[in-house]
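Dear colleague,

I am passing on the structure that you will find just below, together with notes on what turned up in it. Please read the notes with the structure open beside them.

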Amino acid sequence: MLKPLLIAAALLVAPIAVHAQEPIFKASKIVLVGDSTVAVNSGWGGAFCATHVTSNIACVNLGRGGRSSRTYREEGSWALALKEISAGGFEETFVLIQLGHNDQPGRPERSTDLATEFPANMRRFVEEAREAGAKPVLVTPLIRRQFKDGKVFDDLAPWAQAIRKLAAETNTPLVDLHALSRDAVQAMGPAAAMRLAEIPPPPEVLASAASGTTTGAMFYEPVLPGAAAPPRPPAAPPPAPGAMGSFKPVFDYTHLGPEGAALFSAMVAKALADVAPELRRNLLP
């Protein structure tokens, strides 16, 4: 009687033993950390994961709308990113970190001090990503497509420079999306750059672009240090219990529709291949 029981037990254990000996496919993971300009539907991250990596890369987009370098941590999004990093199973994990838009002054519940808090927050992301076993890559913030007298009105330049400085100090690879997107938008001009938004602009806004100065942004107007914050639309009510989520595209000078996402995600992929050459064979143009 004992012998049949031992045979049955061995048969139950055998599949587990065979499974334990199966090889783990050698793949890499890319985790995207950022605000709405990285998030799906409104940023470049969705297009990046969908069209610029091969099947040898797992691409996880943790971009969240409205987050700054402070609130991304406070709400728990960074803790989630660290779990993705430390989950194991992948040969190597890269973390692309792009924040800055919502760190600008004007919204006390999320803004940070440019001289002290913002660089300290970004440095902490880099250090903790490395401690978790990942390879961080800093990404300067995407340009806002606003023009004054024919020139891109670059309200994010100080935040981009702070990230460049941090990258140099910490020997962290840098994707200078700010410079790349600024040059591309400047070359397009104010009217053509409006094609990159989530939806086309109102006719009067498009007409005003002929003057070289953009007007009528619905939100995210430039807010420079010391300037008063512009009025904001009221927050959307939460969905009813059990209802599916919704996405309502709007025209503004910050967020991206399909054409904008395609343009800037390709820029990120090309620049990433240059600063992280070990990923190059699994990045698509």
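This is a predicted model: local features need pLDDT of at least 70, side-chain atom pairs count only at pLDDT 80 or more; totals for chains, interfaces and linings use all residues.

Leu 80 counts as partly exposed, since its relative accessibility is 38% and the class of partly exposed residues lies between the buried ones, under 20%, and the exposed ones, over 50%.

Five strands form an open sheet with the order 2-1-3-4-7, and the pairing in it is parallel. Its edge strands are strand 2 (57-63) and strand 7, each of which pairs on one side only.

At the end of the order where strand 2 lies, strand 1 (residues 28-34) is joined to strand 2 by 7 bridges, and the two run parallel. Within this pairing, Leu 32 stands opposite Asn 61 of strand 2, while Lys 29 has Ala 58 in strand 2 as its bridge partner.

How much of strand 4 is buried? Of the 5 residues in this strand (residues 135-139), 4 are buried, and strand 4 is therefore largely enclosed by the rest of the structure. Strand 4 is also joined to strand 7 (residues 174-175), in this case by 2 bridges, and these two strands run parallel; Leu 138 stands opposite Leu 174 of strand 7.

Asp 149 has a phi near 55°, which is a positive value in a residue other than glycine; its place is in the loop between strand 5 (147-148) and strand 6 (151-152), and with a relative accessible area of 63% Asp 149 is exposed. Asn 171 likewise is not a glycine and yet has a positive phi, of about 55°. The loop that holds Asn 171 runs between helix 6 (157-170) and strand 7, and at a relative accessible area of 68% Asn 171 is exposed.

As to the helices, two packed helices are described by the angle between their axes and the distance between the axes. For helix 7 (residues 177-193) and helix 9 (residues 258-275), the axes come within 10 Å of each other and cross at roughly 140°. That angle makes helix 7 oblique to helix 9, because only angles over 145 degrees count as roughly antiparallel. The crossing of helix 7 and helix 9 is right-handed.

Finally, the aromatic side chains: the structure holds 3 aromatic pairs. In one of them, the rings of Trp 44 and Phe 48 have centres 6.0 Å apart and planes at 85°, so this pair is edge-to-face, the limit for that class being over 60 degrees. Trp 44 is buried, its relative accessible area being 1%, and Phe 48 counts as buried too, at 0% relative accessibility. The rings of Phe 251 and Tyr 253 also form a pair that is edge-to-face, because their planes stand at 80°, with the centres 5.2 Å apart. Phe 251 is buried, with a relative accessible area of 2%, and Tyr 253, at 2% relative accessibility, counts as buried as well.

With kind regards

Notes: Residues are numbered from 1 along each chain as its sequence is written. Side-chain values use heavy atoms; hydrogens and water are left out. Rings of Phe, Tyr and Trp (its six-membered ring) pair if their centres lie within 6.5 Å; planes under 30 degrees apart count as stacked, over 60 as edge-to-face and the rest as tilted. Buried means under 20% relative accessible area, exposed over 50%, partly exposed in between (1.4 Å probe, protein chains only). Two strands pair if DSSP finds at least two bridges between them. Axes are lines fitted to C-alpha atoms, for helices over the stretch in contact, and angles run from 0 to 180 degrees between N-to-C directions. Angles under 35 degrees count as roughly parallel, over 145 as roughly antiparallel, 65 to 115 as roughly perpendicular and the rest as oblique. A crossing is left-handed if the near helix is turned anticlockwise from the far one by less than a right angle, and right-handed if clockwise.
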